[in-house]
Structure formats: structure tokens, C-alpha cells
Amino acid sequence: MTRASARMRFIGDVMRALDQKLLRDLWRIKGQAGAIALVVAVGVLLLVMMSGMISSLEETRTTYYERYRLADVFAPVTRAPKKMLDRLAEIPGVDAVEGRIQGGALVDIARQDLPVRAQVVSLPEWREPRLNGVYLAEGQMPQAGRNDEVLILRSFAKAHDLALGDRLAATMHGNRRDFRVVGIAQAPEFLFNVPAGEFVPDDNRFAVLWMNEEALEAAFDLKGAFNEALLSLERGAQVEPVLTAVDALLARYGGLGAYGVADQMSNRFLSEEIKGLNATSKAVPPIFMGVAAFLLYIVISRMVQAEREQIGLIKAFGYTDVEVALHYVKLVIVIALAGALLGCLGGVWSGRLLAGVYQSLYHFPFLVFRVEPSSFAAGILVSVLAAIVGGASVLRRVFALTPAVAMRPPAPADFSRSGAISNSLKRWLDQPSRMVLRRVMRNPGRVFGAVIGIAAGMGLSSAQLSVMSGFNDVLDKTYGVVDRSDVAVTFFEQMPEKTAFDLAHLPGVIEVEPTRAVSAVLRHGPEHYRGGITGLVPGAKLSRALDKEGADIEMPTRGIVLAKALADILKVQPGGTITVEVLEGRRPVLELHVARIADTLLGAPAYMQLEALNTAMNEPGRISGAYMRVDAAAYPALFAALKDVPKVAGVTRKDDARAAMKKLMDAGAGTMRFVMAAIAGIITFGIVYNSARISFGEQSRDLASLRVMGFSQSEASFILLGELALVVMLAIPVGVLIGYGLSFLVAAGFSTDLYQIPTEFKADAYGVAGLAVVLAALVSGWLVKREIGRVDLVATLKTRE
Amino acid sequence: MAKDDTSTLPTFRTRGLTKVYGEGAAAVHALRGVDLTIPKGEMVVLLGPSGSGKSTLLNIIGGLDRASDGDAFFQDQNLSEMNDRALTLYRRDHVGFVFQFYNLMPSLTARENVELVTEIADDPMEVEEALRLVGLGERMDHFPAQMSGGEQQRVAIARAIAKNPTVLFCDEPTGALDSTTGRQVLHVINDINRKLGATVMIVTHAAATAQMAHRVIHFADGAIREVVENDTRLSPDEIHW
């Protein structure tokens, strides 16, 4: 055997011995290692789950949109002849064009008192639609010439137990017709089915009926014409120029303004969701990784400190610094990898659960949760990085230890420099409290790290919870304060004001308030928003515009009142002037000065006085709908009567909207509260348990001495747990501050022009998160206190540190 | 627990005191039925090789450990029948301990280390007095890291006596000290026995220490081999190490 190979063998043997030590060390600190691995695991779980969810949603969306040829541009128009489709197809960048008829209908289901507002969409006869195809889940397409055959939206069919062969009646344009369900379908344009003006999907009250073009031509009196053009673009084509060209072509046919798929309602909700997931997946896992790095740092520091003699000995045997350092690096990496592995598995598992939720919320015909290999790689990489960051500073200490120094016992911890407590403070502190305080003062970095770590976890949870409770405020404010009506009725077209008086005579109606909505594009400088203007009667009581203090805004005779969200989009202040291009009637272009800003949480409405709006439209005395206060006992009679009122396009019972939202909130709220509390709890547990174990390791002699002197177990535990109690007490207010700050970011992230989340201090949110922190701290304290009870007093005191 | 009305009783009496660690074939008999009486106010030295049972005895009558069998009376109270709480109170009110490695709280000054005890004791002496008794009146506000080994051990003794203990246990009190410092420490212990009337029990390997005791108990194999009462006691200065 050569000397070199003998040396290699020797090194090999010792390395094996070190690996043995590694395993034993891991087993010895299994509680701490487990707590850290758990923190890593939650971080990786969230990363894998969210990035997996994002890519699954995006991929599913792309595939679904492509397979069923969802249009890139939607161009609603009042009535355009079919020959215009050829003109549209000539626009540069346009790939395919389809014209169709779509409109509103009231669906009457035998089992339901309230008619459901539905969207009807035409299907070309004899061929597949070129754009916006449908996925036929059951049954068949309506046959050419069979104008009483319809496809219905699958979610609606499920909600109402409708099956193939069932019959239903639909009122379109005042004409009631009977239909037979021949197919049940889904479509990429109806993924997230939100009734108009609401922001929570309600399968009960969102219906889509597809039928033959001929049937709709007759119903809407659009023979040889279409009222919506769909366009797909060539790859790489710009949307904006096409929109301009389409608007120019369709203007004389009553074009209502073309918009891209990005503004399509269902797609927008999905995009917002993906955006939110994206933001969360970038913001949350780093907090866990930071905490894990900190924990690995304090645990390994302590270990190197306690094992300095062994390190010296191993070095004396001839190990290099690198070999010894590698041993400790391996330890942290093993812990991080175990956490990462657990996180990857948990991420896939929870991702599958979440995918189920998404599939039922967004009506995808398929949604396969799939994690990109890169997400796993990212999860593992950040874990290992966190471990190395946590372990790196420790390596310096391993390097610095020379065998001779390491073999000598460390000098007693010197508190002479950090231990100054003023005399005035001393009077209030007994000796155990001074011990706690001096340790804190001696290790400010460690205490700071622990406080920030716990506070970050708590802040994260409380911010999310507080925003969730903000959603509830939207609900209460919108349905309890802003809108005080019971039932809202909309008409197919403008009706004379006296229609409101007719409504007042229907059974159970206590009060009627007419309103008018016109669609419009609002512009201010380069900003614009496609929305509408709502005309309110003076002194409106049922549907109101409110200012920040919740007081009624009296509609000015001139000028316009904008919702806060709209004013933000248009970047306009009160006193500014905006341009309003009305998309109905004689299509006036109005210059209006912004009179007030309304504090509205739902949508981005603009308000005018009804009469002023009618004057501007040059259509005096017209209304498009009405809000009503109704005696609840008379609902059945009222709805029966409304089914027979012609021109009624929709009837909304406010309780339904509120109930749909409440249901969604309640379903999510419990889980959300639990998940968020768990996040705060796991971080706190990781930090408190590890800090406690380390304090315990460092102070076991002190604890034993106290016990010998006649301190009871609880009194002795105080010097250990007092420090942690202090950390937790400091962390909670810091956590509240972090949470409050974060809640603005989260609320801003969640808010869109569809709805705004108010940011207020939500005591309950901070309470839940704080409680989770306290509980986790108590559990960790209890676990460590149990170990104090097991200390062999005599053995501890007779050995030197 | 009252300290006064038991003045005539011996400090400790043990009957058939037995301590077994482990079970079956691996069982180690640390004490094999020890019968012993320690009169009040004596200075007693326990001698014997490692593992002979002297420390085990000290731990049991000091309320740190429990006997497997037999009784150990402190005055008229049977320590074997006490629960953890009662043992804690016993240590708090009656017992002072001094260990080889001082076991001071590094985060407290000398004065504060002593206050740690006086804060919870029934009838403690003044902290300054305790530190003066061990000759450390000047260095009261120093932290352990700023003191020599001998000084640290004297603080440990001050801490042990500040409660006015009925009995002071010293387990190898000079084991980590050089001879001069060790002698100083023995002086202090001697003074305390004399001035405070506390019963003092010292476990040591240093046979010479026995010459300053009233009574010397020799241990071997978990049993008392011999008890010697010294007719004349030497002062620490006269002892040759």
C-alpha cells in the first residue's frame, strides 16, 4: 500500500466517522431540526403550490382558449350588416372574423319564482363557429332549422338540476319562447361567471343559452345582421390599432367600442387571480426562507460553540478546516433538503387540492395541476441557499478555532460590558429578571432576529386576514349602506319615466326609484375607461353615492361624480374636466367637470343627476331600470307579476347577490384563517422552540444551580422562558405594525376597478394572528420546560461547560 | 419549616440508606445500607475513592437525589418521604451548596449572585455581610468573568451561606484551586462552621482536609468503612497538602 492510498483510506475512514456523527447529531437535535425543516417546508410548499398553480392556470387557459378559438377582439355593435364582416377581415393583422348575435334574456325555470337573467348567444347553422367555440359536455349541438333547441351553460344546468330534454322558457325582447335543452356546454369566454355588477360568481344566477342564429335573428330583429363581431389576430399583431380600425368601421352601425380579450370580463377575473398568486408567490416564501436561515444560523452557532473541544480534537487529528466545516455545512443542508423535500411533496398535494377549488370556481373543462420541474428546482435551491447563508457565518468560527484554543474551555461569558443596568431600573428587577435582561442585552442581534422573524410571520398573517375582513366590509357597505333596495329591475331599452309608476303598483312594492345607465368611454388626458354613467334622481334613497364619511352626495345639476377607483384610473381630481363619449342613442360627446368623488367599493361607476343625463342625451324622461323596496312577504307575487311585464331584462334580488358573496366568503374564510394562523404559528414555533432549546443548552448549568439553591422548577424556568416571553411581547406589536403596513400592499394588490378593498385596522385579524403566535410560543415553552424537569442536577453541576 | 425548636436533634440520621442506579445485571449499588448520625454544628469530612458513595450520600441528604431504600432524616423530617416541592423548600430554607466549579451566574455580579439567594430565603443575612465573611467586601460589583477562580469560589460560598443555612455541603470545594487559594477557601468554610454554627459536610479527595474536621467518615464500595472523631483539629494553615 502506498502512503498516498493509506492516507486516502484514513481520510475515508474518518469521513465515515464524521458522517456517523452527522446522523447522531441530527437525531440528537431532532426537535430543532424538525422545527426548522418545517419552516423550510412551508416556504417551499407555498412556492411549489403557487408557482405550480400559476403555470397550470396559464397553461390551461392558453390551451382552452386556443382549442376553442377564443377571439382576441370583441366588438359589440347595435346592428351591422353581415357584409361588414368582410371589411373587418381586411383590417391589417386580423386573422379570422365571426359575426354573431348576443343579447339578454330572462329565463323562466318552473321551479324558481325569480326569472334568471341570461345571456343568449347565436351559433352558426351548418358549421362550427369560427371563433368562440363551445365545449359540448353532454348532448348535441342545436340542429339547423330546429329553432327551439338550446345549449345551456353547464354550471347553470348543475345549479338548477337541468338535464337534456328539459324545457325552459326565455323572454327575449319582450317575446316569450319555449326551448328544449339538447346540449350542456362550457366555453372559454364564460370561465368566471359573475352576474352583471357583482364580483362573486353565482352559478344560480348566471345563465348562457346558445341557439341557432336564425332563432336569434328573429328574436332580436336582426335578419342578415350581427350585433357582435369577434376577431382573432395574427401572431404578433398589435391590438390597439385593430381596435381603432374596428371602431372606425362600425361607428355608423352603432359600434359600442371594441375591446381586447384582456378586458373581457371572465378573462379579467382570471388574470387578476393569476396576478395575485404571482405576487404572493414572490413575497411570501422568502419570509420563510429568511426565518429558516436565521434559525439554522443560531442552531449551528450553538452547536459549534458546544463542540469546540471536539472540533479542536478533530483538527488535531489532521483534518483540514474545509473538511471540518463541510461537516457542519452538510448538517444544515440535510435539514434544509429534508424541509425542501417535504415542501415539494406538500406543494404538489396542496396544489392538487387547490386545483380542485379553482376548477369549480373557474369553469374549466379540465385543469391538471402540474408543477414545472423548475419550480421544484427553485424550491430546493432557495432552501439550500438559505441553509448556506445560515451556516456561512458559522464556518468562519470553525476556521478560526485552532486545536490548542479549542481544547481549552471557553472563558465564562463576560457580561461586564453589556450588563449595565441603571440603578433606577435595578430597583424594579429581581435577580432572575436581571439575568433575562442581561442576556438579551448581550445578544441583541439574536433577539432582534427572533423578534423580526416572529413579527414577519405574524404581519403576513394579519395582513391577509385583515384584507379578508376588508372584503366583508365591501359586502356590508355595498349591500347595507350604498344600496338599500331589495330588488333591482333593468329594462331592455330606455323606457318612459312612467314605467316606474307602473312598477309601484305591483304587489308588495313600497318604494320605487328610477335610474338610468348608459355605457360610455370616459377620458381624461391619455387615460380612458370603458364604463358607464348612472343617472340618479335627486335625493336618491335606495341607491346612493356616498362620500368618504358615508354621507349622501347630492347630485349636482351640472357635472359628474366619479367613484374613487375611476378617478384614480383617470388620474383626475374634483374640479378637473373629463370627456365622456356616450356609446348609446345619439352618441353625444360630453365635456363634464368632476364635481365630487364618491367612496364606492364595488365597480368604478360615474354618477350624474338623472335629468341632467337625459338632457345631455337629448332623451328627456327616460329610464333604464329601477330600484325597489319591497315587502318580503310579497316576493312570490311580485316576481310572478314581473315575469309578465314586457321589456324587463333582469330582476335582481339583493339578498341573492349578498348570499352568493357570503357563501364564497364563508367557504374560504375558515380555511384562510386556519392557513394564515398556521403560518404565523409555524414561524413562531420554529423560532421560539429553537431559541428556547439554545438558551437551554447555554444555561443548563445556571438552571441546575438555581434548582439546587431551592428555586422551584417554575422559578428556574423563568430565566429561560422570560427571555422568550420578552421576545414574543416585543414581536407582537412589531407584527401588528408590519401587518398594518403589509395590509395596504395586499389590499392594493387585490383592488381593481372591479372592486376595491378598504384598508382599515382590523382588530380581529391581528387578534387571530397574535393568538397563533402566543399559542405557538406557549407550546414551545411547554416542550422546553418539560426538559428542564428532566435535567440531572448533579451531573450538570459537576461537569464543566 | 422552623429552624429553632429542633436544637437538640442531630442534623442528619440515616437508616439503611440504599441507592441503586440501573436494574438487573447492570445495576450499580452506590450506597449499600448506610447508617449514620451527624450531630448538629459539626464539621464532617467524607473521604473515599471515586465511586465509593460519598457524593451519592451528600446528594441524598442534600435533597438533590432520592434514596432507593431506607430513611434519611433531617432533624425530625424524613427526606425520603418528601415530594419534589417539599425537597425544593428544604433546599431553599436549610441547605447551602458549594461545588467544585463554582456555578455562579455569569450574568450577575458577585453581589447579585448572593442576592439571588437572599431574595427567596426566609431569614437571610445582609448580602454585604456574607461577602465580607468570605473576604470579598471590595469586589461586590464585579462579574464572574472578572474574577479569579478563588474569588469565584468565595462568591459561591457567600451565596451558599447568605441564607443562614442549617447545613453547608461542599463537594470538592478546592478541587479546581491551587493550594494557597484552596487554603483561603477552607479558612472561610471553617469560619462559617465556627461563627454561624452551621453543620458543614465536605466531600473531598484531599485526605489532608480531614485534619480540620470534627468527624471523618471513610467510604468504600458504597458503605462506611470507618468513622474517626478527631480529638484535635488543625487550622487550615497547619494542613500540609
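In which hand, left or right, does H14(A) pass H21(A) in their crossing? The structure is a predicted model, in which local features need pLDDT of at least 70 and side-chain atom pairs count only at pLDDT 80 or more, while totals for chains, interfaces and linings use all residues. Residues are numbered from 1 along each chain as its sequence is written, and chains are lettered from A in the order in which they are written.

The crossing of H14(A) with H21(A) is right-handed, the near helix being turned clockwise from the far one by less than a right angle. Helices are DSSP runs of H or I with at least four residues, and strands are runs of E with at least two, numbered from the N terminus. The axes of H14 (residues 444–482) and H21 (residues 763–789) of chain A come within 8 Å and cross at roughly 145°; axes are lines fitted to C-alpha atoms, for helices over the stretch in contact, and angles run from 0 to 180 degrees between N-to-C directions. Residues are in contact if their C-beta atoms, placed from the backbone, lie within 7 Å. Among the residues making the helix contact are Ile454(A) and Leu465(A) of H14(A) and Tyr766(A) and Val773(A) of H21(A).

An automatic or database domain assignment gives chain A domain 1 (71–266), domain 2 (430–482 + 654–801) and domain 3 (509–630). The C-alpha centres of domains 1 and 2 of chain A lie 52 Å apart.

Between the chains, 25 residues of chain B are in contact with 26 residues of chain A. On the side of chain B that touches chain A, the largest share, 4 residues, comes from H3(B).

Definitions and conventions: Contact = placed C-beta atoms within 7 Å.
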